[in-house]
Structures are given as C-alpha cells and as structure tokens.
Amino acid sequence: MTVEHGQRTGTSSALGGAGRASAASPRADVRLAIPSGGVDGAEAAAPGRRPKIEARGVDFFYGATQALHDVSLAAGDCKVTALIGPSGCGKSTFLRLINRMNDLIAGTRVAGRILLDGEDIYDSRIDVVDLRRRVGMVFQRSNPFPKSIYENVAYGPRVHGLRDKAALDEIVEKTLRGAALWEEVKDRLASSALSLSGGQQQRLCIARALAVEPDVLLMDEPASALDPLATAKIEELIHELKERYTIIIVTHNMQQAARVSDMTAYFYLGRLVEFGETAKIFTNPSRQETEDYITGRFG
Ligand SMILES: Nc1ncnc2c1ncn2[C@@H]1O[C@H](COP(=O)(O)OP(=O)(O)OP(=O)(O)O)[C@@H](O)[C@H]1O
Ligand SMILES: [Mg+2]
C-alpha cells in the first residue's frame with residue numbers, strides 16, 4: 001500500500017474502542033520478518049502469535065528522497081526494542097511512522113505496511129487521534145506545555161473527554177507515580193512545568209504520554225540531553241514501564257541500548273541491517289557492519 005500524505009481524511013475509527021483491550025492480545029515475542037534485503041535475525045515469536053507492532057516492507061520518502069528502504073521488523077508486548085545506527089540513518093523517521101507523526105510533514109510518502117495489533121495504521125479508516133493515544137511519543141528535548149505540572153498530565157484525558165475533577169486528580173497522581181515523579185512534585189502540582197529540572201521535565205513528558213493509557217511508547221533519544229543521574233532514572237523507569245507497555249527507543253548510547261532493551265535493530269543508510277536479541281547483537285552480531293558500529297570502529 002502506498003499513502004501520500006496530505007491527501008487523507010480518515011475519520012471513522014477502525015481502531016476505536018480497542019484501547020487497552022488489546023492488552024489481552026497474546027504476549028508475542030519479538031520476531032523478524034526477513035525482508036528481501038537479506039537481513040539476519042531469528043524468528044523469536046511462537047507460531048501464530050501476533051506481534052504488537054509489525055512493519056512489513058516499509059519504504060519512506062521525503063519528496064523524491066528515499067529515507068527508508070524495505071524495513072521489516074516486529075516488536076512484541078512488554079518488550080523494549082532499541083533502534084541504533086549512525087546519524088541520519090532513519091531511526092527517527094521510522095519511529096515517527098509508528099504513530100503517523102510523519103503525516104504532518106508535507107510531501108512525504110509511505111509504502112508497505114505497519115500493523116498495530118494486526119491492523120494497518122495507514123488504512124484510511126484509522127482514526128489518527130485514537131492511534132496517537134494508543135501510541136504515545138516522547139522526544140529528545142522535553143517539551144512540556146507552558147502550563148502547570150497538573151495540567152500537563154490532565155491535558156490528554158481532558159482532550160479525550162474526561163471532565164470529572166476527582167477522576168482527573170486520580171489519573172494525575174497515578175500517572176506521576178508511574179513516571180517516578182510524584183514524590184518530587186506532589187506539593188507543587190500548580191507550579192509551572194517549566195520550573196522543573198530537565199530530567200523532571202522529561203519524566204513529566206513521559207507521564208503526559210502515559211496519562212491516556214497508551215499501549216505503545218515511542219522514545220526518541222529520551223535521555224540524550226540529561227545528566228547521568230537523570231539518565232539512570234529514565235532507564236529505571238523504562239525498566240518498570242515495560243511491564244505494561246511495548247517500548248521502542250532510539251538511542252545513540254550503546255551502553256544504554258544494551259542496558260534497557262530486549263531487542264536491538266541496527267539501521268544504516270535507511271536500511272535495517274540487523275535485528276535480533278540485544279544480548280546477541282552486542283556480543284555476537286551476525287553482520288560485520290553491526291559489529292563495526294557497536295564496537296565504535298564506525299559511526
Ligand atoms: N523533515 C525532513 N525533511 C526532509 N528530509 C528529512 C526530514 N527529516 C529527516 N530527513 C532526512 O531523512 C534521513 C533520516 O533522518 P532521521 O532523522 O530519521 O535520522 P536519524 O537516524 O534519526 O538521525 P539522528 O541520529 O541524527 O537523529 C536523513 O537523511 C535526513 O536528512
Ligand atoms: Mg533522530
């Protein structure tokens with residue numbers, strides 16, 4: 001399937017109502033659909049199990065420039081998948097495809113399929129607002145709204161129609177606890193989010209993404225602007241969050257990828273070179289290019 005951005009007006013919800021019910025879907029392990037490019041990688045999922053997210057033969061274009069070539073990979077429930085590779089290799093582009101953030105960039109085009117719980121997210125019937133609720137995103141630079149700490153977390157649930165103050169209070173507390181920030185901010189919920197430290201702001205952004213109960217969390221270098229202590233907190237948090245969410249994280253930090261992820265995908269020049277279990281990728285990769293990159297001989 002090929003989709004030109006800026007032409008679609010999908011409104012009805014093919015995903016609508018699925019919500020957390022999808023948590024009942026089988027806990028598929030991560031597996032790789034081997035693309036025609038000949039990528040190494042093991043089929044780790046049990047037969048018949050459906051991955052949470054599956055990319056099949058994805059090409060992506062910014063205008064005439066092709067940024068992704070035939071990318072196929074699958075990520076399972078309650079796993080962390082790390083995307084690694086040198087600058088400009090397409091990690092962020094691929095990540096943004098998973099919640100259709102690239103739709104916002106004029107002149108882009110995607111071909112191939114990306115499935116969430118088996119449903120093609122580029123199908124014209126998909127409600128993109130609902131998709132983005134289910135697939136939350138956290139960026140490299142924390143970007144809290146210039147509002148109070150409370151309002152940052154309550155924003156998403158409000159947009160999705162929740163008005164009840166007590167229910168909102170409960171969500172704000174529960175989510176801030178989940179993002180390991182509650183103890184630090186519980187006495188200053190009305191203060192501006194911009195008064196928080198960088199690491200706190202990043203955890204607030206994670207809380208904001210979690211407040212609408214997503215299934216999947218996309219993180220694009222979430223700790224690269226943070227000091228080692230704040231980074232360690234984010235990594236601990238990722239470890240806790242993966243109990244409940246499928247997480248895909250872009251990182252330039254090899255140690256971080258090795259520490260936090262179960263599966264690792266190595267991208268180079270818009271192609272997926274190798275995808276497999278993190279322990280294997282970091283100790284015994286199948287491809288020389290992967291080894292050169294992770295050992296710092298290249299990139
Ligand atoms: N909005 C855009 N318009 C045109 N080209 C873009 C756009 N965003 C990214 N690209 C190009 O697509 C390619 C992949 O970029 P992408 O940002 O996905 O790389 P990346 O792997 O995330 O890099 P980095 O590690 O530096 O963040 C690059 O050649 C980049 O210049
Ligand atoms: Mg990037």
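T81 stands opposite I248 in strand β9. Strand β4 (residues 80-84) and strand β9 (residues 246-250) run parallel and are joined by 4 bridges. Strands here are DSSP runs of E with at least two residues, helices are runs of H or I with at least four, and both are numbered from the N terminus. Two strands pair if DSSP finds at least two bridges between them.

The model is predicted: local features need pLDDT of at least 70, side-chain atom pairs count only at pLDDT 80 or more, and totals for chains, interfaces and linings use all residues. Residues are numbered from 1 along each chain as its sequence is written, while chains are lettered from A and ligands numbered from 1 in the order in which they are written.

Axes are lines fitted to C-alpha atoms, for helices over the stretch in contact, and angles run from 0 to 180 degrees between N-to-C directions.

| Strands | Direction | Bridges |
|---|---|---|
| β4 (residues 80-84) and β9 (residues 246-250) | parallel | 4 bridges |
| β2 (residues 53-62) and β3 (residues 65-75) | antiparallel | 7 bridges |

In β3, A74 is the bridge partner of E54. β2 and β3 form a hairpin with 2 residues between them, and G63 in the turn has a positive phi of about 60°.

The axes of helix α3 (residues 149-159) and helix α4 (residues 165-178) come within 9 Å and cross at roughly 115°. α3 and α4 are therefore roughly perpendicular to each other, a term for angles of 65 to 115 degrees. Y150, V153, A154 and P157 in α3 meet L168, I171, V172, T175 and L176 in α4; contact requires C-beta atoms, placed from the backbone, within 7 Å. The residues of this contact divide into 8 nonpolar, 1 polar and no charged. Ala, Val, Leu, Ile, Met, Phe, Trp, Tyr, Cys and Pro count as nonpolar, Asp, Glu, Lys and Arg as charged, and the others, Gly among them, as polar.

Ligand 1 is surrounded by residues including Y62, G85, K91 and I105, where the C-beta atom, placed from the backbone, lies within 6 Å. Helix α1 (residues 91-97) gives the most to this shell, with 3 residues. The shell divides into 4 nonpolar, 6 polar and 1 charged.

Definitions and conventions: Angles under 35 degrees count as roughly parallel, over 145 as roughly antiparallel, 65 to 115 as roughly perpendicular and the rest as oblique. Two residues are in contact if their C-beta atoms, placed from the backbone, lie within 7 Å.
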